[in-house]
Amino acid sequence: MEKPPIIQVKRLVKRFGLKTVLHGLDFEVQPGEFVALLGPNGAGKTTFLRILASLSRPAMGEVRIVNYRLPQQAAAVRRILGVVSHLPLLYGDLTAEENLHFYGRIYGIPRLERRVQEVLELVGLTARRRDLVRTFSRGMQQRLAIGRAVLHDPEVMLFDEPHTGLDQDACQMLDNVLREVAARGRTVVMTSHDLARAADLASRFDVLSRGRIVASAARSEMTSDQLLGFYRQALQGS
Amino acid sequence: METQKIEKPAPMIETVLSIESPPARAGFLRALGAIIWKDLAAELRSRELLSAMLVFALLVILIFNFALELDAQTRYNVAAGVLWVTFAFAGTLGLNRSMAMEKDRGCLDGLLLAPVDRSAIYFGKMFGNLIFMLLVEVIVLPVYSLLYNVNLFQPGLIVVTLLGSMGYVAVGTLLASMAVQTRTRDILLPILLFPVMIPLFIAAVKASGGFLQGIPMDEIWPWLNLLLVYDVVFIAVAFMVFDYIVEE
């Protein structure tokens with residue numbers, strides 16, 4: 001029997017003034033899935049992810065994560081969400097350790113000292129734990145951003161173009177962390193422009209165009225080479 | 001409605017976490033404390049905010065000192081006005097910088113993602129700004145006393161300074177969190193802030209002037225009451241609307 005979806009979105013509409021960005025979007029994710037949300041610039045990927053993260057209010061429609069409704073039960077949703085965007089969400093004038101301590105205190109994480117050390121180890125920043133974040137390279141900041149996002153051990157992780165601005169080595173390292181996250185059974189939704197990377201990581205591809213999901217396919221249904229064709233066809237048909 | 005049960009997967013890291021929802025008040029106070037600590041720790045490192053506010057405030061009172069060649073009585077008469085102009089302009093610098101720090105690297109989103117009542121974020125920022133404002137005032141007041149030969153160390157004046165500063169940062173923090181989301185945040189904040197602050201400035205200047213000139217308390221009380229009511233009303237308004245201001 002199919003499990004109930006962990007994320008369920010029905011007829012989602014989002015407007016900024018007179019401009020409608022999401023037009024009745026429907027979306028479902030099963031527990032443990034790794035969904036790559038693909039689409040051109042301006043398709044509404046970031047807006048959609050911000051609504052899932054409770055950073056933006058929908059104009060209409062229904063959004064449920066686990067069994068909590070947004071925006072009514074936003075605080076409960078935020079407890080089970082980890083969010084990584086192309087910005088690190090970290091304070092440059094605090095050290096790596098202090099940043100994690102700060103977020104850990106806000107989340108009310110027990111045995112915080114130990115937890116922070118484990119997270120720093122996971123993202124490979126133990127040696128730089130006492131350095132100010134503003135001295136970190138973009139890749140190191142992004143690794144620490146992932147550490148911040150997994151600090152409270154969330155069940156659902158949202159990644160908004162996490163590879164933006166990273167060099168090849170940093171991308172590789174980020175991919176390894178993403179695989180680790182997925183291997184440990186976390187549900188992941190990641191927006192990306194990079195089809196090759198999405199093909200490598202995700203278990204499902206959804207194409208978002210003009211505020212709607214226009215195509216969806218499981219990784220098992222196609223090879224990496226077929227993904228580009230699938231993506232182009234989805235955009236042409238939208 | 002049936003409760004959906006989703007098995008939580010094995011922990012990402014070896015430590016088994018048991019992050020249960022803490023009592024709402026405990027979570028609120030913890031977040032409040034963490035935000036104040038973070039603001040102070042970051043400022044201790046960078047010293048950007050305090051140094052900018054302080055240098056600006058000292059320059060303003062120095063310029064007024066040279067611009068207005070005043071006799072002893074007039075000095076007492078204008079002291080309150082000069083002081084509050086100084087606090088208002090220096091405070092705007094601090095408020096802008098304090099919220100800009102949250103906007104850099106998307107930190108405001110990081111705070112908004114926390115599973116706490118968002119008013120804790122507002123109050124955390126507000127108390128952080130109040131501490132910076134009071135630190136600047138603690139340095140500016142003695143310097144002003146020396147430059148203008150005016151005794152500012154009167155309990156009544158200190159109460160007015162506290163009440164005025166509280167109202168100023170209450171409104172300023174709210175409007176700064178609105179302005180920071182626009183491209184023109186540096187110029188937008190004073191344009192939004194100063195008209196709303198007019199009742200507070202009038203009350204603060206009148207009450208401060210009253211204490212400096214030795215006016216009877218009967219005449220000062222209405223201004224003190226106005227300050228108090230202003231603080232209570234705007235803190236309550238900010239508590240209610242902050243969530244809507246910061247969310248898209």
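**View 1. Salt bridges between chain B and chain A.** In this predicted model, three salt bridges are counted between chain B and chain A. One of the residue pairs joined in this way is A:E98 with B:R45, whose closest N and O atoms lie 2.8 Å apart.

**View 2. Elements of chain B that touch chain A.** Four elements of chain B each give two or more residues to the side that touches chain A: helix 1 (24-46), helix 3 (72-103), helix 4 (107-112) and helix 8 (217-246). Helix 1 of chain B gives the most, with 11 residues. By class, the side of chain B that touches chain A has 26 nonpolar, nine polar and 14 charged residues.

**View 3. Extent of the interface.** On the chain B side, 49 residues are in contact with 55 residues of chain A. The area buried between chain B and chain A is about 5100 Å², and carbon and sulfur atoms give 58% of that area. Polar contacts between chain B and chain A number 13 residue pairs, both residues of each pair being at pLDDT 80 or more.

**View 4. Cysteine residues in the two chains.** The cysteine A:C171 has a relative accessible area of 4%; A:C171 is therefore buried, as this value is under 20%. In chain B, the cysteine B:C107 has a relative accessibility of 1%, so B:C107 also counts as buried under the cut-off of 20%. Over all chains, the structure holds zero disulfides. A disulfide is a covalent bond that links the sulfur atoms of two cysteines.

Technical notes: Residues are numbered from 1 along each chain as its sequence is written. Chains are lettered from A and ligands numbered from 1 in the order in which they are written. This is a predicted model: local features need pLDDT of at least 70, side-chain atom pairs count only at pLDDT 80 or more; totals for chains, interfaces and linings use all residues. Side-chain values use heavy atoms; hydrogens and water are left out. A disulfide is a pair of cysteine sulfur atoms within 2.5 Å. Buried means under 20% relative accessible area, exposed over 50%, partly exposed in between (1.4 Å probe, protein chains only). Contact means heavy atoms within 4.5 Å. Buried area is the accessible area (1.4 Å probe) that two parts lose on being put together, summed over both. A salt bridge is a side-chain nitrogen of Lys or Arg within 4 Å of a carboxyl oxygen of Asp or Glu. A polar contact is a pair of N or O atoms within 3.5 Å; within protein, one must be able to donate a hydrogen and the other to accept it, and residues adjacent in sequence count only if both atoms are side-chain atoms. Ala, Val, Leu, Ile, Met, Phe, Trp, Tyr, Cys and Pro count as nonpolar, Asp, Glu, Lys and Arg as charged, and the others, Gly among them, as polar.
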